[in-house]
Amino acid sequence: MHPTLNIAVKAARRAGQIINRASLDIGQLKISTKQQNDFVTEVDKAAEAIIIDTLRETYPKHAILAEETGHSGQEDSEFQWIIDPLDGTTNFIHGFPQYAVSIAMAHKGVLTHAVVYDPSRNELFTASKGGGAFLNDKRIRVSKRAKLDEALLGTGFPYRVFDHVDAYLAIFKEMTKRTAGIRRPGAASLDLAYVASGRLDGFWEFGLSPWDMAAGALLISEAGGLVGDLAGESNYLVTGNIIGGTPKVFSQILQVIAPHRKGNLSA
Ligand code: IPD
Ligand code: CA
Ligand code: CA
């Protein structure tokens with residue numbers, strides 16, 4: 001394993017320990033609301049702190065973009081860590097075991113290392129650019145599914161910002177008729193990891209933040225899948241709108257979404 005990825009794994013496992021410990025007593029959680037339906041607990045903050053401390057021991061100057069503390073480190077560094085300490089906080093608060101730690105590294109804007117760690121199942125998804133994707137050290141690949149009508153898709157419902165809710169529902173209606181099934185597990189990073197490991201054949205969601213997508217996106221491309229924005233280009237970290245899937249399923253999702261691309265849902 002690349003030494004940088006190794007450090008990221010160490011950070012993710014440390015955060016996972018904090019999350020697992022706290023999951024034993026969710027009644028004790030102190031929950032605050034950042035905005036409507038946007039929750040944060042002391043677990044999110046403690047997990048982020050231990051991730052950043054761990055990365056900083058080895059890489060004191062790298063830039064960091066993390067959900068709870070924003071930008072830190074040397075701003076003009078070529079290296080940037082993109083961190084979601086607890087993706088799926090709403091699930092976590094409810095004791096619904098579908099959440100993850102997501103850590104990615106980008107070098108000059110290109111994703112180079114990725115870790116998505118599900119602490120409740122002890123499932124560690126990792127990838128380094130050009131080195132393939134792994135689940136608990138075993139190589140993973142996207143599924144071989146080629147037809148949308150045989151595909152199981154993941155998605156994320158709009159729940160905080162409702163700008164695209166009508167377009168989303170129209171797409172959802174079409175997808176319900178044209179796929180084998182749709183799931184909304186509730187942790188985008190893990191949904192993307194599930195595409196990488198063939199548990200899902202594709203995924204789409206609008207309005208995400210870079211920390212929800214960065215690690216999962218590299219997992220999919222290293223597992224032989226495709227990731228893109230709504231124009232099929234690679235701007236998803238900027239637009240927040242992402243599609244991922246097996247190569248054939250990816251292009252069929254793009255086709256279903258195409259007629260609904262308008263205004264700020266154009267890419
Ligand atoms: C959320 C989860 C969810 C997705 C949201 C994200 P958080 O992350 O990934 O699946 O639908 O858009 O914000 O807030 O739990 O880290
Ligand atoms: Ca998130
Ligand atoms: Ca989070």
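I began with the second largest pocket, which holds about 230 Å³ of space. I took a pocket, on a 1 Å grid over the protein atoms alone, as an open set of points where a 1.4 Å probe fits, with protein on both sides within 12 Å along at least five of seven lines. The volume is the space filled by probe spheres set on the points, with grid points joined across faces, edges and corners.

The model is predicted: local features need pLDDT of at least 70, side-chain atom pairs count only at pLDDT 80 or more, and totals for linings use all residues. Residues are numbered from 1 along each chain as its sequence is written.

I looked up the lining of the second largest pocket (residues with an atom within 4 Å of a point) and found 13 residues, with Gly109, Val110, Leu111, Ser234 and Tyr236 nearest its centre. Strand E7 (110-118), H6 and helix H7 (236-239) each give at least two of the lining residues; helices (H or I, at least four residues) and strands (E, at least two) are DSSP runs numbered from the N terminus.

Next I turned to the largest pocket, with a volume of about 680 Å³. I noted 35 lining residues there, the closest to the centre being Tyr159, Arg160, Arg184, Glu205 and Leu208. Strands E2 (38-41) and E5 (79-87) and helices H3 (89-94) and H6 (210-222) each supply at least two residues of this lining.

Last, I checked the domains, whose bounds come from an automatic or database assignment. Domain 1 (3-140) and domain 2 (148-266) each contribute at least three residues to the lining of the largest pocket. For the second largest pocket, I again found at least three from each of domain 1 and domain 2.

Notes. Chains lettered and ligands numbered in written order. Heavy atoms only, no water.
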